[in-house]
Amino acid sequence: MSIAILLPCHNEGPAIGKVVRDFRTALPEATVYVYDNNSTDNTAEEARKAGAVVRSEPVKGKGNVVRRMFADIEADIYLMADGDGTYDASDAPKIVQKLIDENLDMVVGTRLAVEGQAAYRAGHEWGNKVLTGTVIYIFGRGLTDILSGYRAFSRRFVKSFPALSRGFETETEITVHALSLNIPTGEVETSYYERAPGTASKLNTYADGIRILNLIALLFKDVKPILFFSVIAAVLFFIGACFGVLVLEEFHHTGMVAGMARAVLTAGLMIMALVSFVCGIVLDSVGRGRLEQKRLAYLALPPLSHKKLRERA
């Protein structure tokens with residue numbers, strides 16, 4: 001089977017040469033693609049020297065690069081990693097083999113920090129656990145490490161994935177897409193190292209964390225709209241009911257409603273709660289149709305097992 005190794009890069013000149021060589025050693029039959037994301041250093045030159053096919057995506061943002069890579073490259077299996085030297089290339093055959101043996105469409109390299117190395121920046125490991133836990137709580141299931149950038153994909157996953165993210169939230173989008181369609185996935189534990197000397201992380205702890213949380217909320221709305229809007233309706237109903245109790249008490253004691261503003265607010269909140277609930281019902285039907293379309297697009301492409309059967313024949 002043809003294997004494409006995808007390495008999105010922005011200013012990874014000091015590390016990318018070794019990363020490319022390590023992946024070429026681990027999977028000599030694969031083609032390594034380095035997508036230079038508007039770098040200002042010698043990333044492209046070093047990648048080319050190491051034997052990679054170098055292409056460019058001028059619009060900055062990892063999500064933009066992933067969208068371009070998935071659209072441009074044709075292969076049976078795709079292995080995506082970062083170009084900063086944090087992932088263990090020697091685990092690549094194990095990840096790819098699990099994808100093939102179990103006929104999966106995505107395998108995630110679950111990161112385990114190597115003892116003695118500062119692989120995670122302050123707060124990042126805790127933040128990853130919080131975001132992973134949020135996805136599991138909302139969708140009822142998930143992965144151990146939803147933010148890992150070390151993943152293997154089948155062709156039908158890549159070519160049916162509607163990549164919309166622009167930045168580092170792309171891994172979350174990929175994960176939720178797999179969960180919403182019940183796509184067969186797996187995990188492989190892999191070592192996680194600190195960045196290569198001379199490189200710097202492009203992840204902004206707070207800004208990117210907020211973007212990821214915002215994406216989770218948006219995907220929650222798209223995937224489970226009736227639950228999303230029912231929660232909003234319940235909150236509005238509760239607040240309206242609290243104000244309504246005060247209005248009823250006033251009417252019970254005085255026989256009249258003096259605070260008209262409170263009564264109008266109560267009525268408005270109740271109407272908003274009803275509208276929110278109705279929106280959830282309507283959007284649930286719309287969302288089900290969109291989900292069916294994405295599922296059909298996914299099923300329109302053959303699984304890896306078909307390729308193996310053709311080779312045996």
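This is a predicted model: local features need pLDDT of at least 70, side-chain atom pairs count only at pLDDT 80 or more; totals for chains, interfaces and linings use all residues.

Me: Which span do we expect for helix α10, and how far apart are its end C-alpha atoms?

Reply: Residues are numbered from 1 along each chain as its sequence is written, and side-chain values use heavy atoms, leaving out hydrogens and water. Helices (H or I, at least four residues) and strands (E, at least two) are DSSP runs numbered from the N terminus, and the expected span of a helix is 1.5 Å times one less than its number of residues. Helix α10 holds 40 residues (260-299), so it should span 58 Å, and its end C-alpha atoms agree, at 58 Å.

Me: Where in the protein is confidence lowest, and where is it highest?

Reply: Confidence here is pLDDT, the predictor's score for each residue, from 0 to 100. The protein has a mean of 86, and 89% of its residues reach 70 or more. The lowest mean, 63, belongs to helix α11 (residues 304-312), and the highest, 97, to strand β4 (residues 77-80).

Me: Is K62 buried or exposed?

Reply: K62 has its place in helix α3 (residues 62-72). Buried means under 20% relative accessible area, exposed over 50%, and partly exposed in between (1.4 Å probe, protein chains only). K62 has a relative accessible area of 10%, so it is buried.

Me: Which side chain does a polar contact of 2.5 Å join to K62?

Reply: Contact means heavy atoms within 4.5 Å, and beyond four places in sequence K62 touches residues including P8, N37, D82 and E171. A polar contact is a pair of N or O atoms within 3.5 Å; within protein, one must be able to donate a hydrogen and the other to accept it, and residues adjacent in sequence count only if both atoms are side-chain atoms. At 2.5 Å, the partner of K62 is E171.

Me: What separates the C-alpha atoms of G63 and L164?

Reply: G63 also lies in helix α3, and its relative accessibility is 1%, so it counts as buried. Along the chain, G63 and L164 are 101 residues apart, yet their C-alpha atoms are separated by 7.4 Å.
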